[in-house]
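Hi everyone, thanks for coming. I'd like to walk you through one structure today, so let me put it on the screen.

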Amino acid sequence: ADRARGLTKQLLTFARGGEPVRKVTDLRRTIREAAAFSRVGSSVSCRVEVTERLWPVDADEGQIGQVVQNLVMNAIEATVGAGEVSVEATNVTLEGEDTVGLPPGPFVRIRVSDRGTGIPDEIAGRIFDPYFSTKQRRSGLGLAITHSIVERHGGRIALHSAHGQGTRFDVLLPALP
């Protein structure tokens, strides 16, 4: 029932556009809880490092929690055996050409990394497409919804992957230091 409810919520978020209900919030607890929840029942460990003085963001906590859950669950699936997934949250200031299409300024960066097989180049361009999945038992909505949520918060998500060396997703959200 919980999985059905979660999938229904994801479908509604995606179908309706899921406008975030924002408030200025500290994401430290949200990130830790979402990462812990995502690894329940898995032999993969999840190392979570969150900067103690993480800047607040104007965000929908539930949606950002969903972003972290989706990324951690994907990282766990990509990790063979009893490996480790890493979740880090830090403050960054974008300047000059480092802005990746965002305005210069303060951001919170949430980084989710695994040491799995990596994402082949021929698939990398499609990972945010709705209903695209390489997994038998997945809907293919997780990364599409994640991308949509991040964009609706005025942020960006970037993929860094090398075949055989793992994958890293960097989420940047505008911060309010």
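Let's begin with a glycine: at 13% relative accessibility, Gly105 counts as buried, because the cut-off for buried is under 20%. Please keep in mind that this is a predicted model.

Where does Gly105 sit? You'll find Gly105 in strand 5, which covers residues 105-114. Its contacts, leaving aside residues up to four places away in sequence, are Val92, Thr93 and Leu94. And if you look across to Glu95, 10 residues apart from Gly105 along the chain, the two C-alpha atoms are separated by 6.7 Å.

Now for a serine. Ser38 belongs to helix 2, residues 28-38. Is Ser38 buried or exposed? Ser38 is buried, because its relative accessibility is 10%. Beyond residues up to four places away in sequence, Ser38 touches Gln69, Val72, Met73 and Ile76.

On to the nonpolar cores. The largest one has 35 residues, and those with the most contacts inside it are Ile31, Leu71, Val72, Ile110 and Val171. Among the elements giving two or more residues to this core are helix 2, strand 4 (84-94), strand 5 and strand 7 (166-174). Which element gives the most? That is helix 3, with seven residues.

Take a look at Ile31, too: not counting residues up to four places away in sequence, Ile31 touches Val48, Val50, Leu54, Val68, Val87, Ala89 and Ile110.

Note on methods:
Residues numbered from 1 in each chain as written. Predicted model: local features only at pLDDT ≥ 70, side-chain atom pairs only at ≥ 80, totals over all residues. Heavy atoms only, no water. Helix = DSSP H or I, 4+ residues; strand = E, 2+ residues; numbered from the N terminus. Buried < 20%, exposed > 50% of the residue type's maximum accessible area, 1.4 Å probe, protein only. Contact = heavy atoms within 4.5 Å. Core = buried A, V, L, I, M, F, W, Y, C linked by side-chain atoms within 4.5 Å.
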